[in-house]
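Here is a guided walk through a structure with two chains to look at in turn. Keep the sequence and the 3D view side by side as you read.

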Amino acid sequence: MNLLTKKLCLPLILIVVSAVLFASLPTIYLAESSGADEVLVFLEEVVSLDVAKYDVTLLGTSVTYPEWLDGLAQLTGKYTLESETSKIDVLFKFRNSTLSWCLVRILEGSPHYIDFPSANLRDVACDFLQKYQAYSGDSDLEAMRNMVNLVDVTENMTKTTDNLKLTVSINSFSSSFDWRYTFNGTDYSGVNVSFRNGHFYAFGEDRSYYQIGGTP
Amino acid sequence: MKKTIALIFCILFLLSLFFSVVILPIDNETGSHGDGQNEDSAFIIWGTRDYTDETYMGGETERNASRDVCDTVHGFFADTPQYDYCKNFWGNDTQPDQVYSNVSYCEENYKFTAIFYKGHSIGASCDIEGCEFGEHWTLYAAEGYGEEYIIDYLIHDRMSSGTHDFVFLWTCGYGSEDMIGEIDENGHSVGMLASWMDTTGLDADGYASPDGSNHCFIGFSNYSVFFTNKTTYGGFDYGDFVSLFFEYALYDGWTINDALDAAAEETHWQSSFGDCQLYTGYLMPDPHGPGQSVMCYMRVWGDGNLRLLRGE
């Protein structure tokens with residue numbers, strides 16, 4: 001090895017090492033955002049949104065450890081989905097590594113769906129639960145779905161069957177369903193979903209971190 | 001020999017430039033707050049110390065909660081480079097003249113000003129010749145009831161550029177449709193929304209129908225809820241709601257509506273602000289009808305798509 005080669009060798013090694021270190025920066029970010037990608041799966045499999053038709057941008061995520069979650073992580077973020085005819089914002093939170101909140105705000109146009117939602121509120125709610133059950137593999141959701149068929153969904157009402165309480169709320173903004181486990185008259189964890197103008201609006205799920213007898 | 005060393009330095013320099021160009025833009029897309037375009041904004045907190053009445057003002061616990069929450073909220077803005085004028089004047093510094101002079105200062109020096117007030121409301125008269133508004137509306141200053149108040153039209157008198165783009169008054173009444181106010185042909189105003197924002201044309205439901213005005217006013221129809229009141233979920237209170245609202249509102253790319261939704265979800269376990277009792281209505285004791293309650297609402301006027309972190 002001649003002198004010139006030797007002198008070049010050390011700086012080149014340093015450059016390669018630096019390049020590897022620099023390259024790891026976006027990798028760290030991608031590792032954090034990979035949990036957020038699960039939101040897109042939820043949108044496709046549960047909300048039936050045709051995500052492939054959109055340009056998807058993750059605006060950023062933030063991981064916090066709120067005191068009330070007692071050490072559990074909360075990943076919060078926002079996606080924008082944009083096509084030539086439709087623009088949607090999607091907010092989300094993961095708690096205890098489970099999607100616990102997702103809100104879809106339609107900003108422009110009509111969303112691209114894989115299956116267009118029914119115009120019937122009862123059907124929309126049942127369809128949501130059925131798809132959420134398939135997505136999550138959670139058989140408890142079947143009892144929640146059965147309750148929807150027992151109530152009048154055109155007005156505000158609450159019905160309790162065994163230890164499950166369903167509250168239907170209709171207001172000028174949205175129509176929402178709230179299923180909540182209840183013991184001795186006290187409400188605990190559950191699932192909620194709301195629809196606006198016939199479209200999915202928001203979903204919440206606190207069963208993965210809310211423990212009976214306290215929070216979380 | 002010297003040529004070889006020079007060549008090595010040149011290669012290293014070029015590679016450094018390459019990495020700077022390639023790596024830094026990727027890092028900027030990862031959601032960091034602020035991108036160098038978000039300067040020239042101001043944020044000011046005002047608040048009374050007067051919580052004397054236990055039933056209708058909340059007493060000392062409400063006073064302490066107000067002070068603590070304002071401290072927390074101020075901390076969020078202080079950590080945000082965009083807000084290079086960031087003041088927490090809660091308490092003794094909430095003096096009418098101080099408010100008016102800060103309105104002038106922000107109007108003249110900042111392209112965007114956000115305001116948060118926590119306290120109480122009361123009517124007042126006006127000695128301006130030719131005023132046909134009748135009753136005017138005021139905010140409690142530091143000392144509170146019976147002392148000098150912060151008066152609507154004196155705020156408006158300090159307007160010059162109309163850059164108070166976000167105003168959040170956690171006090172009674174000023175979000176009601178019949179209290180947004182007016183501005184007459186002489187520029188004399190009545191009402192807090194009209195006076196702070198120099199407009200009366202904002203959409204009445206900026207949450208459900210953002211009007212694209214880049215102005216957003218949040219207030220209450222009837223009585224504001226105490227910070228110490230529990231939301232009924234997870235031990236949260238309305239002080240938590242406010243703190244979380246501002247925390248989320250300063251996330252990159254998040255709007256007022258986004259922040260309202262995220263704060264409502266966390267503190268109420270409702271899937272959105274639109275499903276939460278602040279929007280759908282909550283009961284508060286009626287000072288004019290002892291033993292009775294009155295339905296109250298938080299109202300978002302104007303543009304719920306406004307962003308406090310103005311990155312775009």
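The text below starts with confidence, then moves through chain A and ends with chain B.

This is a predicted model, in which local features need pLDDT of at least 70, side-chain atom pairs count only at pLDDT 80 or more, and totals for chains, interfaces and linings use all residues. Residues are numbered from 1 along each chain as its sequence is written, while chains are lettered from A and ligands numbered from 1 in the order in which they are written.

Begin with the scores. The model has an ipTM of 0.82 and a pTM of 0.85. Each residue also has a pLDDT, the predictor's confidence on a scale from 0 to 100. In chain A the average pLDDT is 85, and 81% of the residues score at least 70. Two stretches of chain A need care. Over residues 20–33 of chain A, pLDDT is below 50, and this stretch has 10 contacts in the model beyond near neighbours in sequence. Over residues 212–216 of chain A, pLDDT is again below 50, with 13 such contacts. Here a contact means two residues whose C-beta atoms, placed from the backbone, lie within 7 Å. Where pLDDT is low, the predicted coordinates should not be read in detail.

Now trace the fold of chain A. It holds four helices and nine strands. These are DSSP runs, numbered from the N terminus: helices are H or I with at least four residues, strands are E with at least two. Along the sequence the pattern reads α-α-β-β-β-β-α-α-β-β-β-β-β. Of the 216 residues in chain A, 30% are buried. A residue is buried if 20 or more other C-beta atoms lie within 10 Å of its own, exposed if 12 or fewer, and partly exposed in between, with C-beta atoms placed from the backbone.

How is chain A divided? There are three domains: domain 1 (1–33), domain 2 (35–116) and domain 3 (118–208). Such bounds come from an automatic or database domain assignment. The C-alpha centres of domain 2 and domain 3 of chain A lie 20 Å apart. Across this boundary, 14 residues of domain 2 of chain A are in contact with 13 residues of domain 3 of chain A. On the domain 2 side, α2 (37–45) and β4 (98–108) of chain A each supply at least two residues. The largest share, seven residues, comes from β4(A). By class, this side has nine nonpolar, three polar and two charged residues. Ala, Val, Leu, Ile, Met, Phe, Trp, Tyr, Cys and Pro count as nonpolar, Asp, Glu, Lys and Arg as charged, and the others, Gly among them, as polar.

Look at α2(A) next. Its buried residues are V39(A), F42(A) and L43(A). Seen down the axis of α2(A), they fall within an arc of 100°, so they line one face of the helix. The arc is that of the directions from the helix axis to the C-beta atoms. An α-helix has 3.6 residues a turn, so residues three or four places apart point the same way. The face of α2(A) turned away from the buried side carries the exposed residues D37(A) and V41(A). The cover over the buried residues of α2(A) includes β2 (74–82), β3 (87–95), β4 and α3 of chain A.

That brings us to α3(A). Helix α3 (residues 121–136) of chain A has 16 residues and reaches 22 Å from its first C-alpha to its last. Its buried residues are V124(A), A125(A), F128(A), L129(A) and Y132(A). Seen down the axis of α3(A), these fall within an arc of 130°, so they also line one face. They pack against α4 (141–148), β7 (175–183), β8 (186–196) and β9 (199–205) of chain A. Just after α3(A), G137(A) takes a positive phi of about 70°.

Two loop residues deserve a glance. D70(A) has a positive phi of about 55° although it is not a glycine. D70(A) sits in the loop between β1 (55–64) and β2 of chain A. Is D70(A) buried or exposed? D70(A) is exposed, with 12 other C-beta atoms within 10 Å. N184(A), also not a glycine, has a positive phi near 50°. N184(A) lies in the loop between β7 and β8 of chain A, and is exposed, with 5 other C-beta atoms within 10 Å.

Finally, turn to chain B. Chain B has nine helices and 12 strands. Of its 312 residues, 49% count as buried. Its mean pLDDT is 88, and 87% of its residues reach 70 or more.

Methods
Expected span 1.5 Å × (residues − 1).
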